[in-house]
Number of protein chains: 2
Amino acid sequence: MKLYVVGIGPGEDCQLTGKAIMAIEESQLVVGYDVYIDLIKHLLPDKETLTTPMKREVDRCKLAVEAAIAGKKVAVISSGDAGIYGMAGLIYEVLAEYEATDIQVEVIPGITAASSAAAVLGAPLTHDFAVISLSDLLTPWEVIEKRLKLAAEAGFAICIYNPSSKKRSDYLKKACEIILSVADRDTPCGYVRNIGREGQTSKILTLGELVKEQVDMFTTVIIGNKNTRVINDRLVTSRGYKGI
Amino acid sequence: MKLYVVGIGPGEDCQLTGKAIMAIEESQLVVGYDVYIDLIKHLLPDKETLTTPMKREVDRCKLAVEAAIAGKKVAVISSGDAGIYGMAGLIYEVLAEYEATDIQVEVIPGITAASSAAAVLGAPLTHDFAVISLSDLLTPWEVIEKRLKLAAEAGFAICIYNPSSKKRSDYLKKACEIILSVADRDTPCGYVRNIGREGQTSKILTLGELVKEQVDMFTTVIIGNKNTRVINDRLVTSRGYKGI
């Protein structure tokens with residue numbers, strides 16, 4: 001029996017892959033965080049869905065695995081890529097807790113926020129980069145700080161997921177301060193809010209400006225490196241091609 | 001006039017997004033490296049195409065920009081995501097060299113190899129990670145070494161693009177040795193060759209084994225971190241959820 005873990009991309013239908021749509025259509029039960037189920041509900045006419053609120057990820061995976069064991073074709077959905085801060089890992093971990101089953105997990109990748117935010121801003125991730133979440137729900141803040149510092153020292157462009165929440169409204173500021181201990185204030189940066197959804201907005205600014213900026217949890221932030229420039233209002237990291 | 005820069009994903013049709021297919025269909029001219037044009041040529045019946053060999057990226061972008069200036073709807077394609085080691089940045093750089101034009105570049109993201117390789121191997125990139133190319137055609141090797149070292153020290157899972165070529169057959173070995181100066185020999189790793197294409201193969205192994213492995217340029221490598229385990233023959237990086 002197949003258990004699909006499907007990345008639905010940023011939100012708009014046209015950014016799902018054909019494979020993701022096929023897996024959802026083929027499934028009898030679609031499981032996900034209620035906001036994401038809402039995003040694709042028009043693709044699910046007469047389809048059984050099962051939603052749980054945020055922070056109930058383990059319950060959601062158990063429900064999905066148990067439905068699959070009971071013989072249903074199940075798709076668990078994540079926004080972006082299910083394999084990048086998504087449900088894919090947890091499904092494998094949860095499944096391992098059940099008696100040997102014949103359930104085959106198939107992860108179907110989607111467009112992750114690093115890709116979709118980069119495309120909106122221009123081309124800031126054309127070369128080596130690091131992806132860091134500022135959420136300290138499951139990761140000690142000291143680990144996040146260390147990663148930010150070393151990523152900046154390494155000269156990576158940095159894509160930041162989960163830059164803020166109600167309880168962590170100053171985390172992006174803290175992150176920028178750490179990066180500023182290594183990088184220039186003029187380093188070009190950008191962020192996108194509600195990527196591929198209604199009310200999408202984006203902004204290009206310097207690291208010195210970003211440290212003072214308030215963003216919310218629906219925002220993805222990209223911090224350039226020494227090879228990043230602003231070209232015609234777009235954030236572009238050069239790979240160094242000669243002869244342009 | 002629109003100039004699309006389109007990521008076509010790993011190679012199989014079903015991993016293109018609807019937006020990528022629409023942009024290609026809408027274009028009068030499709031420009032790309034000949035191998036990638038071949039991958040999607042059945043999507044291009046009666047469509048004008050323009051290919052250049054590898055290492056002619058600047059020429060390819062100039063041809064695309066000039067065709068767009070001449071009034072054609074053009075799509076430049078990259079495998080994976082056009083914004084990640086793809087053509088998107090170079091298009092912006094090349095376009096800036098021309099007199100002010102009314103050409104609007106739109107980058108349409110695709111599934112990058114980090115996402116597609118992770119999905120084949122399991123879920124190794126569920127938490128913070130770094131993406132590093134071992135190609136030293138445009139990047140000094142010392143920079144690559146530094147990034148590998150700092151990424152390992154930061155505890156990132158690491159996704160390696162361009163791990164090898166005829167001239168650089170020992171680069172993956174060198175990269176593993178650098179990471180081994182920080183990480184354990186038992187660190188779970190994996191690689192995928194020809195992702196989403198005919199003859200796709202994958203392997204899960206330890207970092208101590210990977211250092212002795214010979215891979216080719218069609219391979220994407222993922223090196224786990226301290227939270228990566230092998231679960232039912234899949235590479236899984238735990239995010240640390242409690243109560244599983």
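Contact here means heavy atoms within 4.5 Å. The structure is a predicted model, in which local features need pLDDT of at least 70 and side-chain atom pairs count only at pLDDT 80 or more, while totals for chains, interfaces and linings use all residues. Residues are numbered from 1 along each chain as its sequence is written, chains are lettered from A in the order in which they are written, and side-chain values use heavy atoms, with hydrogens and water left out.

**View 1. The interface between chain B and chain A.** Chain B gives 65 residues to the contact, and chain A gives 65 residues. About 5900 Å² is buried between the two chains, 60% of it on carbon and sulfur atoms; buried area is the accessible area (1.4 Å probe) that two parts lose on being put together, summed over both. On the chain B side, the residues that lose the most area to chain A are B:Arg147, B:Tyr241 and B:Ile244, together 12% of what that side buries.

**View 2. Helix H6 of chain A against helix H6 of chain B.** The two helices, each spanning residues 141-153, pack at an angle of about 180°, and their axes lie 9 Å apart. Helices (H or I, at least four residues) and strands (E, at least two) are DSSP runs, numbered from the N terminus. Axes are lines fitted to C-alpha atoms, for helices over the stretch in contact, and angles run from 0 to 180 degrees between N-to-C directions. H6(A) and H6(B) are therefore roughly antiparallel to each other, a term for angles over 145 degrees. A:Lys146, A:Leu150 and A:Glu153 of H6(A) make the contact with B:Lys146, B:Leu150 and B:Glu153 of H6(B). Of these residues, two are nonpolar, none is polar and four are charged.

**View 3. The domains of chain A.** Chain A is divided into domain 1 (2-108) and domain 2 (113-237), with bounds from an automatic or database domain assignment. The domain centres, taken over C-alpha atoms, are 28 Å apart. Each domain of chain A supplies 10 residues to the contact. Between them the two domains bury about 760 Å², 61% of it on carbon and sulfur atoms. In domain 1, A:Pro10, A:Lys55 and A:Tyr85 lose the most area to domain 2, together 58% of what that side buries.

**View 4. An open sheet in chain B.** Three strands form this mixed sheet in the order E6-E13-E12; two strands pair if DSSP finds at least two bridges between them. Strands E6 (122-123) and E12 (228-231) are the edge strands, each pairing on one side only. E12(B) and strand E13 (residues 234-237) run antiparallel and are joined by four bridges. B:Ile231 has B:Arg234 as its bridge partner in E13(B).

Terms used:
Angles under 35 degrees count as roughly parallel, over 145 as roughly antiparallel, 65 to 115 as roughly perpendicular and the rest as oblique. Ala, Val, Leu, Ile, Met, Phe, Trp, Tyr, Cys and Pro count as nonpolar, Asp, Glu, Lys and Arg as charged, and the others, Gly among them, as polar.
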